[in-house]
Amino acid sequence: MAMVLLVEDDAAIRTALTRALRELGHGVTSVSSGMPALSAAVEQKPDVVLLDLGLPDIDGADVLSMLRAVSDVPVIVATARDEESEMVRLLEIGADDYVIKPFTAVQLNARIRAVLRRTGRTDEDPMITVGGLKIDTRSYEVTVDGRPVELARKEFELLLALARRAGGVVTKRDLLAEVWQLAWGGSDRTVDVHLSWLRRKLGESAANPRYLYSVRGVGVRLAAPTEPS
Amino acid sequence: MRRRILLLVVGMTTLVVVAFAIPVGILLHSAVAQRAELATRDQARSVAIFLSGAPSTTAIKSYVTSVSASTGRPTSVTLADGTTYGTTPTDPRAAQFRQTPGGGLPTNFPGGGTGQTGGGPNGGAPDATLHPVPGGQLAETTVRTSTTIYFIRVYLSNGALHAGEAKWWLLLVGGSLGLLLLGVVAAELLTRRIVRPLLRTAETAQQLAVGDTTARAPTTGPHEVAEVGSALNRLADRIDELIAEERETVADLSHRLRTPLTALRLDAEALRDPDDAERVGNHVSSLERMLTAVIHAARRPQREGRMPASDATAVVGERVAFWSALADEQERATEVELPQSPLPVRASAEDLAAAIDALLENVIAHTPEGTAFSVRLDAADDGAVLEVADAGPGLPGDALVRGRSDRGSTGLGLDIARRCAEGSGGSMTLGRSTTGGALITLHLHPA
């Protein structure tokens, strides 16, 4: 689906990620240090670069600066540090997004797709339509039957994750991984409470669902209403 | 130390005062006596001068009476014929002695109408001499006029000898006591200046010992005392630095663990058997949570400052409102009681929110849908009391016994709440609500 340049010095992660991303349908080229990464980024013109910050030869942040001088390829930074200041710094020197270790392939895939969408490098339609529900993945606007809906960030991400797999049941575990990056203390109830808000804002309830159906013991399904309510 | 300084000063002052007051007292004693004797002799002389003017008998009488009364020293005048005006104790021996030379030396007393008084052997004014008599002294002199000779006696009793001395003694003792008092006041001021900063420095050391690393000693007072304070402060700063360094090292090491953990997670995901994948994935998840908690704890002071604080009313209100959507959906009757005013507690808003989330999540996870629950926040003397009660089946017995519970999908629910309460200096207690369900009470220390 996308050509990914993986810059990662840890062999175990490199192998695992390459395999996981290929399984998810991406083409993967991997390098283990900064200099080869720069030349690969220029020569192979990947769709997205996944850059680990701890590289043996050049600091990841410097690789990013150098890369930005020659290319505007989307870069997702993988970092072990989760301080806000670090994130801001990375975004300021040209990162398009970041994932915090330890991440999962599902999460990474969601990030890759989001970045590609934002940078217009995907053939995916930026508008997702499920019945009367319209989600603009670029402007983050949601309307239900033409009526705009104000969503918090997590609510939007949750809706998007469900809408992308409209009709299918998404497990709460997957939602936690994709939307919450499996934050500590994250539990099914976290998903539940956000779903409640989402339902409320979409103008429905668990007892009278239109778009959001809880499938007990499995997960959540987003589907167009079968009949107008 | 205060008592010792006080004793020292009082002792020193007393010594100085005594060393000064005793000679002064002796001098005073004799000076007063001398003055009284001098005054007595002067009085005798004055009477002699008066008599040398040859006054009338009536005048002598009234003069003698008035002089006796005004000076308090009995005065008497005896004429040559033995007539006596006024009363004085007489010393027969002395009288005789006076009689003899007085009578025997008429030429030495050239009387005259000039009013010039006769003199004694020295030729000047008739000088009185003092003789001891029982109970006092007698000043005696004679004056000779052209017509007669007067014997003058002025009696100075032993009591009168030291009259007026009392007020001097009073002044001396008062002055001494005043000096002593001044010394005590000065000592008190001095010890306060020394002891107060020292006491506060000791207090600071105590606070540091119980873990309040923000405590700093005063650097006021005398130089040496201030030096003790600043030395303690330097030590406290150094402790802070060391702790910060240690925490940074822990955080850094934990961060580094995240890389192998990523590999582990990716590999776990790739396991063929979904059961294996889930089981290993769960292990990785809990490892991850632990690691995040470690980093979180290590970074806490850097993030929140050494004394985190938040408004419990606002945080509880906000979190309850957040969970209300799910509670409504599950048709749970919710009772919320919050104080009207802000309630600052010693916990960061983030931690407090996580604790409340954990408690509410527990209620929702472990009681059937439709079960009522209540959240109460009250101000207490020692901070705030947060009660989360539900009408569910209650906590398992062993949770009550052990005071902790592992229920909850993460196994961390109550631990998060407990850590928040204990981190603030408070505590968490588990109990049974009035409806038989679980009652979890967080005592939070005030900010």
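## Close-up views of a predicted two-chain model

View 1. Leaving aside residues up to four places away in sequence, A:Val75 touches A:Val49, A:Leu51, A:Leu64, A:Leu67, A:Gly94, A:Ala95 and A:Asp96, where two residues are in contact if their C-beta atoms, placed from the backbone, lie within 7 Å. This is a predicted model, in which local features need pLDDT of at least 70 and side-chain atom pairs count only at pLDDT 80 or more, while totals for chains, interfaces and linings use all residues. Residues are numbered from 1 along each chain as its sequence is written, and chains are lettered from A and ligands numbered from 1 in the order in which they are written. A:Val75 also belongs to the largest nonpolar core, which has 44 residues, and is listed with A:Val48, A:Val49, A:Leu50, A:Leu51 and A:Val77 as touching the most other members. The largest share of this core, six residues, is supplied by α6(B). A nonpolar core is a set of buried Ala, Val, Leu, Ile, Met, Phe, Trp, Tyr and Cys residues joined through C-beta atoms within 7 Å. A residue is buried if 20 or more other C-beta atoms lie within 10 Å of its own, exposed if 12 or fewer, and partly exposed in between. Apart from this core lies another, of 38 residues, including B:Ala347, B:Val375, B:Val388 and B:Ala389.

**View 2. The open sheet of chain A.** Four strands in the order β6-β7-β8-β9 make up this open sheet of chain A, with antiparallel pairing; strands (E, at least two residues) and helices (H or I, at least four) are DSSP runs, numbered from the N terminus, and two strands pair if DSSP finds at least two bridges between them. Because β6 (127-130) and β9 (147-149) of chain A each have a single partner strand, they stand at the edges, and one side of each is left without a neighbour in the sheet. Strand β7 (residues 133-136) of chain A is joined by four bridges to the antiparallel strand β8 (residues 141-144) of chain A, and A:Leu133 has A:Val144 as its bridge partner in β8(A).

**View 3. Where chain B meets chain A.** In this view, 31 residues of chain B are in contact with 27 residues of chain A. On the side of chain B that touches chain A, at least two residues each come from α6 (223-269), α7 (274-304), α8 (312-329) and α9 (349-366) of chain B, and the largest share, 11 residues, comes from α6(B). The predictor gives the complex an ipTM of 0.72 and a pTM of 0.57.

**View 4. B:Gly370 in a loop of chain B.** The loop between α9 and β9 (373-380) of chain B holds B:Gly370, which is exposed, as 10 other C-beta atoms lie within 10 Å. Although B:Gly370 and B:Arg332 are 38 residues apart along the chain, their C-alpha atoms are separated by 4.3 Å. Beyond residues up to four places away in sequence, B:Gly370 touches B:Gln330, B:Glu331 and B:Arg332.

**View 5. Confidence along chain B.** Chain B has a mean pLDDT of 81, and 87% of its residues reach 70 or more, pLDDT being the predictor's confidence in each residue, from 0 to 100. Over residues 93-124 of chain B, however, the pLDDT stays under 50, and the model has 38 contacts beyond four places in sequence for them.
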